[in-house]
Amino acid sequence: MEFEFLLIVVVTVIIFLALFGLVIGRLYRRSTREISLVKTGAGGKKVIMDGGTIVVPLLHEVSPVNMKTLRLEVKRDGEAALITQDRMRVDVGVEFYVSVMATTEGIARAAQTLGSRTFDVEQLREMIEGKLIDGLRAVAAQMTMDGLHENRADFVQEVQNAVSEDLLKNGLSLESVSLTALDQTPFEALDENNAFNAVGMRRLAEVIATSKKERAQIDAEADVAVRRAAMEAERHKLLIEQDEEQARIEQKQKVETLLVAQEAEIAARTEDSVRETDRARIAREEAIRAADIGRERKIRE
């Protein structure tokens, strides 16, 4: 009997422990690297970033908080474009990379102000987009359109500084800001009855007119430069042809001079030869005549 009683007790304890473990397993909630937990209710508020906690229905409520980095894209174009310091409108595309602060206070604020929106990018963007746009407008109003284009890094840094503090109120940390698009808002997208647009359109018209004038002047100067270059090239070509013709004439004159000198030398040599021949012939004739005279003299004697 004692053995049977002991067996019943052991089995009962095992069943109790199994049921207790099953209940604890069902009530135990564990946080991960990507999801933190905020438990409220009996015992007060508790933030769980590492480990887990027992959640008793009706006594506790748990709010999961997404700890991943989220990309929020904001576009402002057309009538919603940003207005710069010189009253110009610019279309921009900006990406904000945000995440819940990995601190007890940050997670608690995110759970309280954002709730499940930390898991939905669109809902989160709709929730804080006003703050992001306000920061973009504030910074753009302090820079000209040319300055914004030439100093994009400064614009991004100023936007990050302007938005970060507001996001802290929601327990969010702004990791980085990227300017993905920047361009002047087209004329056709502007309402000329808007005071800001009117000033911007006037300045833009002045810039365009000045640019067209300068471009026309540059084109004219380029045309003149091209024609002048062509003229100089033609003149240089004619000078080269003239030098070549003069060189040919001089070469021809040299050749003719050499030929004349050679002919004169030949003629002189020929004349000398003829003269020597005549001299020899005369000498022979004189010798013959002298011989004849001597012979006649001898005959007379």
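Biologist: How many salt bridges does the count come to here?

Modeller: The count comes to 12 salt bridges. Keep in mind that this is a predicted model.

Biologist: What makes R125 and E129 a salt bridge?

Modeller: Their side chains meet at 3.0 Å, N to O. The rule asks for a side-chain nitrogen of Lys or Arg within 4 Å of a carboxyl oxygen of Asp or Glu, so this pair qualifies. Both residues lie in helix α3, 4 residues apart, which is about one turn of the helix.

Biologist: Are R125 and E129 buried or exposed?

Modeller: Both R125 and E129 are buried.

Biologist: Nice! How do you know that K169 and D166 form a salt bridge?

Modeller: Their N to O distance is 3.9 Å. The limit is 4 Å, so this pair is counted too.

Biologist: Why is K169 called exposed?

Modeller: K169 has a relative accessible area of 53%.

Biologist: What about E265 and R269: how far apart are the closest N and O atoms in their salt bridge?

Modeller: Those atoms are 2.4 Å apart. E265 and R269 both lie in helix α6, 4 residues apart. E265 counts as partly exposed because its relative accessibility is 39%, while R269 is exposed, with a relative accessible area of 56%.

Biologist: Which residues are linked in a network of salt bridges?

Modeller: That network links R71, E73, K75 and E95.

Biologist: Let's turn to Q160. Why does Q160 count as buried?

Modeller: Q160 has 17% relative accessibility. Buried means under 20%, so Q160 is buried. Q160 sits in helix α5, residues 152–168.

Biologist: Which residues does Q160 touch, not counting those up to four places away in sequence?

Modeller: Leaving out residues up to four places away in sequence, Q160 touches L174, E175, S176 and V177.

Biologist: One more topic: which residues form the negative surface patch?

Modeller: That patch is formed by E234, E241, D243 and E244. D243 lies in helix α6, residues 195–300.

Biologist: Why is D243 called partly exposed?

Modeller: D243 has 48% relative accessibility. Exposed needs over 50% and buried under 20%, so D243 belongs in between.

Terms used
Residues are numbered from 1 along each chain as its sequence is written. This is a predicted model: local features need pLDDT of at least 70, side-chain atom pairs count only at pLDDT 80 or more; totals for chains, interfaces and linings use all residues. Side-chain values use heavy atoms; hydrogens and water are left out. Patches are made of residues with over 30% relative accessible area and no salt bridge: like charges are joined within 9 Å, nonpolar side chains (Val, Leu, Ile, Met, Phe, Trp, Tyr) within 5 Å. Accessible areas come from the Shrake-Rupley method with a 1.4 Å probe; for residues, only the protein chains shown count as cover. Lys and Arg count as positive and Asp and Glu as negative; His and the chain ends are not counted. The place of a charge is taken as NZ of Lys, CZ of Arg, CG of Asp or CD of Glu. Helices (H or I, at least four residues) and strands (E, at least two) are DSSP runs, numbered from the N terminus. Buried means under 20% relative accessible area, exposed over 50%, partly exposed in between (1.4 Å probe, protein chains only). Contact means heavy atoms within 4.5 Å.
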